[in-house]
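This briefing concerns the structure shown below. The points that follow are grouped by topic.

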Amino acid sequence: MQKTIFTLKTNREIAPDTYEMVFSGDTSSITAPGQFANIELPGRFLRRPISISHWTEGSMTLLVKAVGVGTEDLTHSDEGTAFDVLCGLGNGFSVDLIADNTPILAGGGLGAAPLYGVAKKMRERGMTPAVALGFRTKEDAVYLDEYAALGCKVYVATEDGTLGTRGFVTDIIRAHPEFDYVLCCGPLPMLKAIHSLEQLKDGQFSFEARMGCGFGACMGCTVPTKNGGKRVCKDGPILYKEEIVW
Amino acid sequence: MVNLNVSLAGVALKNPIIPASGTFGYGREYAELYDLDILGSFSWKGTTAAPRSGNPQPRIAETYAGMLNAVGLQNPGIDAVIAEEVPNIAKIFHGPVIANIGGFSIEEYAENCRKLESVEQVKILEVNISCPNVHAGGKNFGCDPKAAAEVTRAVKAATSKPVFMKLTPNVTDIAEIARACEEAGADGLCLINTLLGMRIDIKTRRPVIANRTGGVSGGAVFPVALRMVWDVYEAVKIPIIGCGGVSSAADAVEMMLAGAAAVEVGAANLKDPYACKNIIEQMPALCEKLGIENISDLTGGAHHG
């Protein structure tokens, strides 16, 4: 973890209330996709934990949806605004662990964000990621072009059938029994539905929680697991299939 | 040169700044960030006899200039703390440690303190009496002067270390509780614990925190804590650790002027993990500006003249 200043370089609305925010700053504390940044906002006491989508040496990209007062402030920030950020938090996804499996990346809504970082890592290692992305409706879909440009095999599902398969990411995974491992991020009901799929031997699940500190000190985000209580911020946000309890 | 040394019931601290219990774990996370030896002391996470998994999610909510928490005293239990955390604390912090102790019966408080008797680094016991007494219908020990005094006496009989009772602000007259603890033999007091509060989600129409209520902390509670330290300073002779919403060196000075001998910094650590380090680094310049040579002279300074 590093406490550092990030400056908003570009802020682009890519879907209703959903922004791709690119920040410049020192990203040396980021060690794995799926880690998050905890961003201080003027006038708000708690920082806002936001999953890191992808990063380079001097820049970090976040996909942020305005869902509350904090994320509304953040997404309405002007380019050039400086933010105090605790960066490189959490364990992140492990790309090493998927080598002997046939993995699928499964994202619901903005779950697409951190999985893009995973896909980039996989491409660097010569793998061709398969990605299942689920959205409520066509206009909510994000990063489809980016995943395609990376050379991923992309499957899309929408709840109302306006784009791709009508249904959920679980329907896509079920239709492809060859996938035996998942890396996923999305709303809790989606994670739970994926967790129950029998074809999956193992997998990595990204959780979210209301956090006090974001670096493991306050126990505000602890969830029960088969291996005892785990802090979503420090021991997670990635939990493994066999340890998760619902 | 400003002298930052203070003393708490005979325990020497190199400065009055102490991370507050529940915001600093057992020091591990912060030791990755800075040298903890700059701290006057630190108060470890509230520890009970048995391991506790804590409350269901969500446990955290926000308010103006502060936050609410209902962690539920999650901790690994006193035996695990002595076996696993104490040896690690010995590596990361070499000053006097304050052991924060919880309990759900008078016997549990006493037994927890007895177990710490031989733990060398622990120089002060901070007894959290904001816990429900399971033998008295769940009423908090700290809300009743008699119960607070009973815990104090039991703990004093179980230890030779200085005992600081940590008081809850959720009472009508905190000075009355403070006097009861002093009369029962407390060596000092720590106040305040969090203020009971709640938030409701206007979309779901349900409390934000699963436990419904939570403890309010952060800058929002600072004036409340300050007033209570003031009142308790007028009521007792024993030293007070002032706690509640302190976020800057100026806040710490203000808390000492109200009557605190030392100051705990809580929620500020969660917002900025370097909060205590910054306060300690800014303190000498602030004292010089205010013409303070010995910081300990500040204690109760607003009450005189």
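A salt bridge is taken here as a side-chain nitrogen of Lys or Arg within 4 Å of a carboxyl oxygen of Asp or Glu. By that rule, the side chains of Arg12(A) and Glu146(A) meet in a salt bridge, with 3.8 Å from N to O. The model is predicted: local features need pLDDT of at least 70, side-chain atom pairs count only at pLDDT 80 or more, and totals for chains, interfaces and linings use all residues. Residues are numbered from 1 along each chain as its sequence is written, chains are lettered from A and ligands numbered from 1 in the order in which they are written, and side-chain values use heavy atoms, with hydrogens and water left out.

**Chain A: overall form**

- Chain A contains 5 helices and 15 strands, where helices (H or I, at least four residues) and strands (E, at least two) are DSSP runs numbered from the N terminus.
- The radius of gyration of chain A is 17 Å, close to the 18 Å that the globule rule gives for 246 residues, so chain A is as compact as a globular protein of that length. The radius is taken over C-alpha atoms, and the globule rule is 2.2 Å times the number of residues to the power 0.38.
- The C-alpha trace of chain A spans about 50 × 40 × 35 Å along its principal axes.

**Domains of chain A**

- Chain A is divided into domain 1 (2-89) and domain 2 (96-206); these bounds come from an automatic or database domain assignment.
- The centres of domain 1 and domain 2 of chain A, taken over C-alpha atoms, are separated by 23 Å.
- Their contact (heavy atoms within 4.5 Å) takes 17 residues from domain 1 of chain A and 14 residues from domain 2 of chain A.
- Between them, domain 1 and domain 2 of chain A bury about 1,200 Å², 65% of it on carbon and sulfur atoms. Buried area is the accessible area (1.4 Å probe) that two parts lose on being put together, summed over both.
- Pro33(A), His54(A) and Leu63(A) supply 36% of the area that domain 1 of chain A buries against domain 2 of chain A, more than any other three residues.

**Polar and charged links between the domains**

- The rule finds 1 salt bridge across the interface of domain 1 and domain 2 of chain A.
- On the side of domain 1 of chain A that touches domain 2 of chain A, strands S1 (2-15), S2 (18-24), S4 (48-55) and S5 (59-65) of chain A each supply at least two residues.
- S4(A) gives the most to that side of domain 1 of chain A, with 5 residues.
- The residues of that side divide into 8 nonpolar, 6 polar and 3 charged. Ala, Val, Leu, Ile, Met, Phe, Trp, Tyr, Cys and Pro count as nonpolar, Asp, Glu, Lys and Arg as charged, and the others, Gly among them, as polar.

**Interface of chain B and chain A**

- In this interface, 31 residues of chain B are in contact with 26 residues of chain A.
- The area buried between chain B and chain A is about 2,300 Å², of which carbon and sulfur atoms give 59%.
- Glu29(B) forms a salt bridge with Arg231(A), the closest N and O atoms being 2.8 Å apart.
- Chain B and chain A share 14 residue pairs in polar contact, both residues at pLDDT 80 or more.
- Helix H1 (28-31), strand S5 (60-63), strand S6 (66-69) and helix H8 (267-271) of chain B each supply at least two residues of the side of chain B that touches chain A.
- By class, that side of chain B has 14 nonpolar, 9 polar and 8 charged residues.

**Backbone features**

- The peptide bond from Gln57(B) to Pro58(B) is cis, with omega near -10°, and Pro58(B) is in the loop between strand S4 (42-43) and S5 of chain B.
- Leu191(B) and Ile192(B) are joined by a cis peptide bond with omega about 15°.
- Tyr143(A) has a positive phi of about 65° although it is not a glycine; Tyr143(A) lies in the loop between strand S8 (130-135) and helix H3 (144-150) of chain A.

Notes: A polar contact is a pair of N or O atoms within 3.5 Å; within protein, one must be able to donate a hydrogen and the other to accept it, and residues adjacent in sequence count only if both atoms are side-chain atoms.
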